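Hello,

Here is the structure I promised to pass on. Please have a look, and then read on for what I found in it.

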Amino acid sequence: MSTEAPASARSQRKPKGEGHERRAEILAAAERVFVEHGYEGATIRKIADEVGLSSTALYMHFPDKGAILQEISREAFETLRAANERAMGQEGPAEDRLRRMMRAYVEFGFGNPNAYRLVYMTRPAELREGPQSSARELGTELFRSFERVVEELEAAGRLRLDARTAAQALWAGGHGVVSLMISKPYFDWVDREALTTAMMEGLLAGFLRP
């Protein structure tokens, strides 16, 4: 499905709105432009046209496209962190919390494909080489919260391999399902839920001792 907005929608300038609402519109438009044109091919003018603003009006909210990308990443990690906290807050053994966290990650990716592509499937210099940002810090802490649950299983003698390797392999499995299904929609995939469950349970069966 194309993310291209009709030309009439792109060219029509919008009246002034509330700052928070307008920033949200800019971020949503930027996600579409970054995915459609690639980060390097995206420009402030293209983003402004997509949301129906002048470039000057957009600059009142963000100084450059790098700042927009950082905000998209920060919001994505905040959303995923909130889902993780809900998963960890439920009672149950570490194995169940791990399943819920993996499920939350996969559901986030399918529910936010544009943001997922930008955060996990591209490597703009602003995120790769720039100064440590709040978005990168959130991403690092997000993985550490996942890794700590895996470490609980290791401490209990449940892992067949070390916690660091297991955590990264489980993350790679979740990423593989999400990235392949959102980037290759034309493939004859089986039911998404069935594939996600098969991936998770297959990895856990191989990693966990009875």
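The buried residues of helix 11 are Thr 196, Met 199, Met 200, Leu 204 and Phe 207, where buried means under 20% relative accessible area, with a 1.4 Å probe and protein chains only. Viewed along the axis of helix 11, these residues fall within an arc of 115°, so they line one face of the helix; the arc is taken from the directions from the helix axis to the C-beta atoms. Helix 6 and helix 10 (163-183) are among what covers them, and contact means heavy atoms within 4.5 Å.

This is a predicted model: local features need pLDDT of at least 70, side-chain atom pairs count only at pLDDT 80 or more, and totals for chains, interfaces and linings use all residues. Residues are numbered from 1 along each chain as its sequence is written, and side-chain values use heavy atoms, with hydrogens and water left out. Helices are DSSP runs (H or I, at least four residues), numbered from the N terminus.

Now to helix 7 (residues 113-120) and its neighbour, helix 6 (residues 94-111). Their axes, which are lines fitted to C-alpha atoms over the stretch in contact, come within 5 Å and cross at roughly 110°. Helix 6 and helix 7 are therefore roughly perpendicular (65 to 115 degrees, between N-to-C directions on a scale from 0 to 180). Tyr 105, Phe 108, Gly 109, Phe 110 and Gly 111 of helix 6 meet Pro 113, Tyr 116 and Tyr 120 of helix 7. Helix 7 is mostly covered, with six of its eight residues buried.

Best wishes

Terms used
Helices (H or I, at least four residues) and strands (E, at least two) are DSSP runs, numbered from the N terminus. Angles under 35 degrees count as roughly parallel, over 145 as roughly antiparallel, 65 to 115 as roughly perpendicular and the rest as oblique. Buried means under 20% relative accessible area, exposed over 50%, partly exposed in between (1.4 Å probe, protein chains only).
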